[in-house]
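Here are my notes on this one, as promised. Have a look at the structure first, then read the points alongside it.

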Amino acid sequence: MNHGAGRPGGRARTRVKVGRQAHSDLERRGGSVPDAVGDFVHRLRADRTNRALRLTFLRAVGSNGELYLGRADTHCMVLLLSTDGGDEMQVLAVRDGARARDELARLTVEINPVSGSVEVVDQSEVSANVVALHDRSANEAPVENGASAESETPAPRDIDTPDTASPASSSTLCPPLFARYDDRTLIDLGVVPSLLAALRRVTTGEQFEKLLSHNLPELTRDVLLALRDGMDPEHVQQHITDKWRADEEVNTGDWAQAARRTVSEAETDDAAVLSALGKSFDTWRLFLHPEQKRLATGNFKGSAKVTGGPGTGKTVVALHRVRHLVDRLPPGHSRPVLLVTFNTNLALELRDRLRQLGGDELLRRVDVRSVDALAREVVQESRAELGRPLDDEAAMNLWHTVLAETGLLGYDADFLDAEFKHVILAAGCGSWNDYRRIGRSGRPRISTAQRYEVWQLVQAYLAHLEAPPRQTTYALIADKAAGLEQRRMARVEEQARYKNELGGRDLIHREASSGMWLKPRYQHIVVDEAQDLSASHWRMLRAMVRKGPNDIFLAGDAHQRIYGSRVILSHHGIVIRGRASRRLTLNYRTTREILDSANRLLAGESFDDLDAGTDTLDGYRSVLTGLAPQFWRAPDRLTEMRAVATLIKERRDSHDTPYSAMAVSVPDGRSAQEFANILAREFDVPAVELGKDGARSAADAVRIGTMHRFKGLEFQRVFLTSVGEGRVPDQRIDQYRHDNPQRYRQEEQRARSLLFVAATRARDELIVSWNGRASRFLPPDADKTAYRATDLLTSDGPPSGSSRSAAA
């Protein structure tokens, strides 16, 4: 490096990366700063000898790393790490204003010994705030025996001394929050060493929140939050540290090695990343957590699976997995990678996000579909007569018709529909004998006589569908598609065997006579929202790709299963072993307060791992903090709706929250229209209903829909209404409490999962309301501690953004 010249020497073109903390700096500053830095990075990549960049040497860090300052514009500067003689540079931090140079020059830059990534800490800012708060608290605290509180300020401990004694002054009111953990323990868990001295002075929640506000390295932040919440170091190691740990041994003096790691970095060779520097841009499009990266870019011997609670980045991993698979395809114009999800709305969302991730070039090699649309296309290709598909409501009404005609009123439509989809179709029962013998694991128990009655009802149902005008259901279409694809794959495999017998020669005449060049429909399949796919869906997907390396990659969470039933993947030829199955536990979307409340909805429930095993929310957590959920009770439905409308109006007027960033859950479609009318007529608030394909308008309007419609979406503020007894869960399930306890437990768990999904759509604020009596799923004292809707409508109500809650 040519320090005297004020810029790196050698070849002019430079490979540039943007660190995660630098990106956070850009998000916090906004305005013209991101545009200026984006332009700076473009120019640096093109020609690092450009004098307009104003690169000046700051200091060396080790034998193969150097820090530089660069000027993005007259008010904004960047801190860069240069390695490999200037061929590699990483933007570490961004500052603007008159003191930008001084602020960047004082930053501590180090290599984390656990993750091996380059991390930046502003010691001066920490000292000016956190330590100052400590000193103020110490000076205000009572002292004993005439000792000076200031004289008790502890010195940092030697990190090699395994001393667990508190370094705090015995004269302060509160011991340090992390006194029980010695320095070596904290460093081994991933806490950046340069923070230890300040950390030992953190004694209050106020100081800790100040510390968290300083753009700490993510691993450090996550570890400290977990310890503060009482997680023991062994669990922190298991759920946090090990997932950040570098794959190879870390040399904290090798800056070139640290800079080459893709941990918390984004390469600006990607045009989407470059354009993002000047715009508001979701972090997932730039960065992957180390555990997420291993999943997205791993090489698996067969199928692979990622599970995790809401907001843990499963979809992020799936999208990056798609790009990784496409990047390794030979040149071509086909679409050998399938990205499939549960419904049309989610498929459209995935397509948009995939375009933002890799542009149209990426989309040209990927088939993005909803699973039912894919099945329908397969059946249409076969020229089979489909009939008009019934929507969900019409299909249920047909079951009611069959029950009335047969007089077998001891069954209900929900049970029959599930039995038909998840037992008869799933197991391919073509006759009464098949159904009589089939196992029904996970389904409510019924006698042989009851099975026979169910079989008769199913035959009557099918007869109605066959009668003119012919109709069908999406479940039948999926079953038909699965059979067609299985027969197609059998021909593919048979042809491959025949070709192999002939020494691998092309079978031009044989293949041409079949009417197609027989080959698997896809090379790779990536599935999002896997928990809601049926057995027929899985049989179809399994037959669309040949078994082999990286064939099927699926992402899902049984805790969010609100459609369908449990499916054991191995029964359908999808075998996932060992490290090909991973669980994500860090929530990036929902605040800790909302997440803790939602997690309690599922306490004590048992869930599967999308296969034969079980899954839990153990270790599931968030690093975001915010408001505690609010609870509101009303004497009747109309008062409840008016109170929620008042809160929505207040959030828009006082907090500048766009209407489109708020969503309201209602019990049914009729209630959605009723609520929209009240919002418009009495409060002049626009509203749009969430349908099967999402919002019917892109206008700035409050989104209103049932909890089912919230799936896959997220909003800044969420209002869950009618969460009262008899509505959540629906009072209809009470009929099974004694007569069919197994079904009762299943229906109650499904209702809990539905509420869990809806609650975790909230990013910043969750408000829960009901009329009458609170749901049994809410805290026992919810009715007593909730705000009263009548008070809101007759007075100013509670303070805006109040943290009061029922401690859900």
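1. Start with a caution about residues 802-808: pLDDT stays under 50 there, and the model gives this stretch 24 contacts beyond four places in sequence. Keep in mind that this is a predicted model.

2. Residues 140-172 also have pLDDT below 50, and in the model this stretch has 49 contacts beyond near neighbours in sequence. For the protein as a whole, the mean pLDDT is 85, with 85% of residues at 70 or more.

3. On to the inside. The largest nonpolar core is made of 99 residues, and the ones with the most contacts inside it are Leu339, Leu354, Ile525, Val527, Trp538, Met540 and Leu541. Take Leu354: setting aside neighbours within four places in sequence, its contacts include Leu319, Val322, Leu339, Leu362 and Val368.

4. Now helix H19, residues 448-466. Its 19 residues span 27 Å from first C-alpha to last, close to the 27 Å expected at 1.5 Å a residue.

5. Which residues of H19 are buried? They are Arg451, Val454, Trp455, Leu457, Val458, Tyr461 and Leu465. Seen down the axis of H19, the buried residues fall within an arc of 165 degrees, so they line one face of the helix. As background, an α-helix has 3.6 residues a turn, so residues three or four places apart point the same way.

6. What do those buried residues of H19 pack against? The partners are helices H16 (392-406), H17 (413-425), H18 (432-437) and H20 (474-501), along with strand S13 (471-472).

Methods: Residues are numbered from 1 along each chain as its sequence is written. This is a predicted model: local features need pLDDT of at least 70, side-chain atom pairs count only at pLDDT 80 or more; totals for chains, interfaces and linings use all residues. Side-chain values use heavy atoms; hydrogens and water are left out. A nonpolar core is a set of buried Ala, Val, Leu, Ile, Met, Phe, Trp, Tyr and Cys residues joined through side-chain atoms within 4.5 Å. Buried means under 20% relative accessible area, exposed over 50%, partly exposed in between (1.4 Å probe, protein chains only). Contact means heavy atoms within 4.5 Å. Helices (H or I, at least four residues) and strands (E, at least two) are DSSP runs, numbered from the N terminus. The expected span of a helix is 1.5 Å times one less than its number of residues. The arc is that of the directions from the helix axis to the C-beta atoms. pLDDT is the predictor's confidence in each residue, from 0 to 100.
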